Amino acid sequence: MIRTHVLVCGGTGCTSSGSQAVQAAFTENIEAYGLSEEVKLVQTGCFGLCALGPVVIIYPEGTFYSRVTPEDVKEIVEEHLLKGRIVERLVYADTGAEEIVDKASVSLGDTAFYKTQKRIVLRNCGVIDPDSIDEYIAMDGYAALGKVLTEMTPEDVIKVVTDSGLRGRGGGGFPTGRKWALCAPNKAPQKYVVCNADEGDPGAFMDRSILEGDPHSIIEAMTICGYAIGATKGYVYVRAEYPIAVRRLQKAIDDANAYGLLGKNIFNSGFDFDLEIRLGAGAFVCGEETALMTSIEGNRGEPRPRPPYPAVKGLYNSPTVENNVETFANIPQIILNGVEWFTSMGTEKSKGTKVFALGGKIEHTGLVEIPMGTTLREIVYDIGGGIPDGKQFKAAQTGGPSGGCIPASLIDTEVDYDNLTAIGCMMGSGGLIVMDEDTCMVDMAKFFLEFTVDESCGKCTPCRVGTKRLLELLDKITDGKGTLEDIDKLENLCNYIKANSLCGLGQTAPNPVLATLKFFREEYIAHVVDKKCPAGVCKNLLSFTIDKDKCIGCGKCAKNCPVDTIVKTDYVAPGHKLASYSIEQAKCIKCGACMSGCKFGAIIKK
Amino acid sequence: MKSLAELKAIKDRMKDKVVLREGTGNVRVVVGMATCGIAAGARPVLNAFVEAVNKEGLTDKVTVTQTGCVGLCQLEPLVEIYEAGKEKVTYIKMTAEKAQTVVEKHLKGGNIVTEFTVAEAK
């Protein structure tokens, strides 16, 4: 009889920090100690605290072990599983404000990282074995589909989704219920449901984690959507760069087919639904809905003008509903728990929760789900654990290359669709990159522009040429060759590209520039007028000098310098025996090698 | 899958297998599993509890877990039962058979098996 479950995270984050080896060590040790009959080992999806991986949770205690190495496993098995003594040195027990009396008694749910979260979409991630359809069913899986097919009409389903106020989690925020209602009445021999899992924003991995941790929730939701709009065929368009997600989703589809939860006459209702995976080849633009459909059709992934909207003419020119992974993951829960339950969470116009992938200069890199309306301060400091090394929070970037940034002055903004739009930012799909005082905002805008220039599909001129010209202007500014007119030109060009591009990629590509111009204009001006980069990032505006009184004359910097630009002077500082060194500015390539080698803090970067 | 009943059957069959991870039990049965406890025979006691709780269908209510040395080594195997709002009950010198009785009378019936408790031993 099983008394203990050992859950090892098999998400992409923990897999890359070595969770496979940890799992193998558990298998070996559990057997060696003769515990196979009492202890069950389960591989799960992402727990969320990727920075602390590989993570292991042991139930029923809920003990949360972080950064477990294969060498630690023997100790956990011998102490915890065999003798019931929790291995305190491996327990992650950051509970925030509360003082910890007994580290061993802290369970997962007590930690500051989890306490503030509200897990709906991620409820099964890190709890069930994603490869087991039975475990999903045990957690009320497919109950929503059963309810829909046996008790509800398609109109009922659409009404529930509409009343719930659920909005598209891919970034646009379009009401999901309205999207379904627009498609439902359109008559056609074949209609389609498409799931957009082409998560392309740098730093975003919400959808990947859902597909890896709870793939059946997407299958169930898409089938429900198919019933509501009268579609019998669905496609999940997922990036080929997500091999674990693709493998688990395919296994989930096969299992659902074997159980008759996909296929013909589901729940004896007469409703048929088929689901297939289509792999994306890595083009960012294919995350745009019309380009995605073009790609599924087997053509080069390029967007097409709307209208006609996909609800009328989508995939193969047939009426189609396309939703994002996270949007779909909400559906079964809304059906099961009802509209009132869902609308009790969130703000007036943004209901429910949102998943964010926390990244950048933050302690707890990972995946969090919070109710809409949580302030950015709570996300960064309470859940995220704050900024490392005592640095100052400068801004948070949301929405990736299509998004903007929230400056420190607005850190108490309640995060929802409308508040973020109001301050010139956007919710985006959920990537949240935290920046500290050492980040140059012009350089950050340049980074995202480089990305969009690479990823522009080239179909329309404002995007193809415009983003390239924007990048050139930014290069000019960070090289110290910009003028004040360039800043005006930059702003005008941004607005032009926004107004005239064909699809979402181009329309939002200037956002990182516009947002940084709005909140950090003085940094642009510093680059242009003072020829200085206040954060000390833009190389061409930096100069390295040696404080001649601090320099002891050891000569290490001169040895480190790859271009031999550091020479001995004839000045000997008071109290020192050797002559100090100095840097010849004309030859300096600003690599910083001198600075990283100096033990005496004599090299100044300005 | 042709009916809701089939789905429910799978759910019922699986529920016991995942309920451990919810930590929902109001009642916690804690078995002392330090070296002293194991030497005195705590492992069969722990397993007996897990099996009996499952057999009686109490998994929603009762969580069986283990702990280290409680300090009363001469009275091991030792089992403590915690229930919200009630005083902790400590059973001593437990055996697999006694565990069976405790599950039936205490956990299911709600009556403390006083002859096994530490209070009685004093």
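Mentor: Let's start with a definition: domain bounds come from an automatic or database domain assignment. Keep in mind, too, that this is a predicted model.

Trainee: Thanks! Which domains does the assignment give for chain A?

Mentor: Chain A is divided into domain 1 (4-115), domain 2 (133-341), domain 3 (353-436), domain 4 (441-530) and domain 5 (543-605).

Trainee: How many Å apart are the C-alpha centres of domain 1 and domain 4 of chain A?

Mentor: Those two centres are separated by 46 Å.

Trainee: Let's go on to sheets. How should I think about strand pairing in general?

Mentor: Strands of a sheet pair through backbone hydrogen bonds, and the pairing is either parallel or antiparallel. In chain A, 4 strands make an open sheet with the order β2-β1-β3-β4, and its pairing is mixed. At its edges are β2 (39-44) and β4 (63-65) of chain A, each pairing on one side only. On average, neighbouring strands of this sheet are turned by 20 degrees against each other, direction ignored.

Trainee: How do β1 and β3 of chain A run relative to each other, parallel or antiparallel?

Mentor: Strand β1 (residues 4-9) and strand β3 (residues 56-59) of chain A run antiparallel, joined by 4 bridges. To find one of them on screen, select Val8(A): its bridge partner in β3(A) is Val56(A).

Trainee: And in which order do the strands of the open sheet in chain B come?

Mentor: The order there is β2-β1-β3-β4 (chain B), an open sheet of 4 strands with mixed pairing. β2 and β4 (89-91) of chain B each have a single partner strand, so one side of each is left without a neighbour in the sheet. The antiparallel strands β3(B) and β4(B) are joined by 3 bridges, and Ile81(B) has Val89(B) as its bridge partner in β4(B).

Trainee: Which helix packs on that sheet?

Mentor: That is helix α3 (residues 42-55) of chain B, which touches β1 (27-32), β2 and β3 of chain B. The helix direction makes about 160 degrees with that of β1(B).

Trainee: How many residues does each chain bring to the contact between A and B?

Mentor: Chain A brings 28 residues and chain B brings 29. On the chain A side, α5 (133-138) and α6 (143-151) each supply at least two residues, and α5(A) gives the most, with 4 residues. By residue class, the chain A side divides into 14 nonpolar, 7 polar and 7 charged.

Trainee: Now the backbone. Where are cis peptide bonds found?

Mentor: One is the bond from Pro307(A) to Pro308(A), with omega near 0 degrees; Pro308(A) sits in the loop between α12 (289-296) and β9 (320-324) of chain A. Another is the bond from Glu76(B) to Pro77(B), with omega near -10 degrees. Pro77(B) belongs to the loop between β2 (62-67) and β3 (79-83) of chain B.

Trainee: What is the phi of Asp564(A), and is this residue buried or exposed?

Mentor: Its phi is near 50 degrees, a positive value in a residue other than glycine. Asp564(A) lies in the loop between α23 (556-560) and β16 (566-568) of chain A. A residue counts as exposed if 12 or fewer other C-beta atoms lie within 10 Å of its own; Asp564(A) has 10, so it is exposed. Lys590(A) is in the loop between β17 (581-583) and α24 (593-597) of chain A, and it counts as partly exposed because it has 15 C-beta neighbours inside 10 Å.

Notes:
Residues numbered from 1 in each chain as written. Chains lettered and ligands numbered in written order. Predicted model: local features only at pLDDT ≥ 70, side-chain atom pairs only at ≥ 80, totals over all residues. Buried ≥ 20, exposed ≤ 12 C-beta atoms within 10 Å, placed from the backbone. Contact = placed C-beta atoms within 7 Å. Nonpolar A, V, L, I, M, F, W, Y, C, P; charged D, E, K, R; others polar. Pairing = 2+ DSSP bridges. Axes fitted to C-alpha atoms, helices over the stretch in contact; angles between N-to-C directions.
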